[in-house]
Amino acid sequence: MTDRHHTDSTPRTGLPLAAAVLTGTVALYVSLVAFGNITDFDTNQQFVRHVLAMDTTFKDPDLMWRALTSPGLQDTAYLAIIAWETVAAAVLLAGTALWAVGLRRGGFARARHVSTLGLLMVVLLFGVGFLAIGGEWFSMWQSKNWNGLEAATRNLTVAGIALVVIHLPGAAGKPKGGDGEPKGGDGE
C-alpha cells in the first residue's frame, strides 16, 4: 500500500524521461561533432581523405579500384557528412525540446516522431556511412591510422538504444486515450 502510489506514477514519467535524456545526450554529442568538424575542418577532412583514398589499407589490387583519390570528391563527401550531422543535431535538439514539453504537458507522439527521425539519421551516418561504406567498401578496417570503426560502433549503439527506449510502449506515457496520447492528441 505504501509503494503503490510511487509505482503507479513511475510509468508516467520514467520512460518518457529516459527517452528525453537519451535523445538529448545524442543531440549534444552530434552537435559537438558537427561543431568540431566545422571549427576544426582539417582534422577530420584528413580522416575522410585517407579513408576514401584507401592509402593506409593493405592496398590489395583487387580492392584498390574502389579508392576515391579526387580531392574534390573527397571534400564533397566530407561536406555532405558535416551537413548530415548538422541537420541530425538540429532534429535531435528539436526532439529533445518536444520531450521536455511533453513531460510538462503530456503527449509524446511528436517527440517520438522527431526523435526517431534524428536517431535514424545517426544510424544511417554511422551504420551505413562509416561501418558499411567506410569500413567495408573502403576497407577502413585495414588501416591502423585512419580506422573509425570503434567510434562508429559506439555511436550506432547509443542511437540504437535510444531508438529502442523511445519506442517502448511506456515511453508514450500513461495511456489516456487508449493509444498513449490524450483524446484528441497529436497521435503517432
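Ser139 is placed in the loop between H4 and helix H5 (149–166), where helices (H or I, at least four residues) and strands (E, at least two) are DSSP runs numbered from the N terminus. The model is a predicted one, in which local features need pLDDT of at least 70 and side-chain atom pairs count only at pLDDT 80 or more, whereas totals for chains, interfaces and linings use all residues. Residues are numbered from 1 along each chain as its sequence is written, and side-chain values use heavy atoms, with hydrogens and water left out. Phi of Ser139 is near 50 degrees, a positive value in a residue other than glycine. Because its relative accessibility is 1%, Ser139 counts as buried; the term buried denotes under 20% relative accessible area, exposed over 50%, and partly exposed in between (1.4 Å probe, protein chains only).

A positive phi, near 60 degrees, is also found at Lys59, again a residue other than glycine. Lys59 belongs to the loop between helix H2 (41–53) and H3. With 47% relative accessibility, Lys59 counts as partly exposed.

The protein chain contains 5 helices and 0 strands, and its pattern along the sequence is α-α-α-α-α. Of its 188 residues, 38% count as buried.

Two helix pairs that involve H4 were examined. Helix H3 (residues 71–105) packs with H4 at an angle of about 155 degrees, the axes being 8 Å apart; axes are lines fitted to C-alpha atoms, for helices over the stretch in contact, and angles run from 0 to 180 degrees between N-to-C directions. H3 is therefore roughly antiparallel to H4, on a scale where angles under 35 degrees count as roughly parallel, over 145 as roughly antiparallel, 65 to 115 as roughly perpendicular and the rest as oblique. The crossing of H3 and H4 is left-handed, a term for a near helix turned anticlockwise from the far one by less than a right angle, with right-handed used if clockwise. The contact of H3 with H4 comprises 18 nonpolar, 3 polar and 3 charged residues; Ala, Val, Leu, Ile, Met, Phe, Trp, Tyr, Cys and Pro count as nonpolar, Asp, Glu, Lys and Arg as charged, and the others, Gly among them, as polar. For H4 and H5, the packing angle is about 155 degrees and the axes lie 9 Å apart, so these helices are roughly antiparallel to each other. H4 passes H5 in a left-handed crossing.

Aromatic pairs number 7 in a search of the whole structure. Among them, Phe126 and Phe130 form a stacked pair, with 5.4 Å from centre to centre and 25 degrees between the planes. Rings of Phe, Tyr and Trp (its six-membered ring) pair if their centres lie within 6.5 Å; planes under 30 degrees apart count as stacked, over 60 as edge-to-face and the rest as tilted. Because Phe126 and Phe130 are 4 residues apart in helix H4 (residues 109–137), about one helical turn separates them. Both Phe126 and Phe130 are buried. One aromatic cluster is formed by Phe47, Phe126, Phe130 and Trp146.

The charged end of Arg66 sits over the ring of Trp137, 4.4 Å from the ring centre; this assignment requires NZ of Lys or CZ of Arg within 6 Å of the ring centre and within 35 degrees of the ring normal.

Gly72 lies in helix H3 and, at 43% relative accessibility, counts as partly exposed. Gly72 and Arg49, 23 residues apart in sequence, are separated in space by 9.9 Å, C-alpha to C-alpha.
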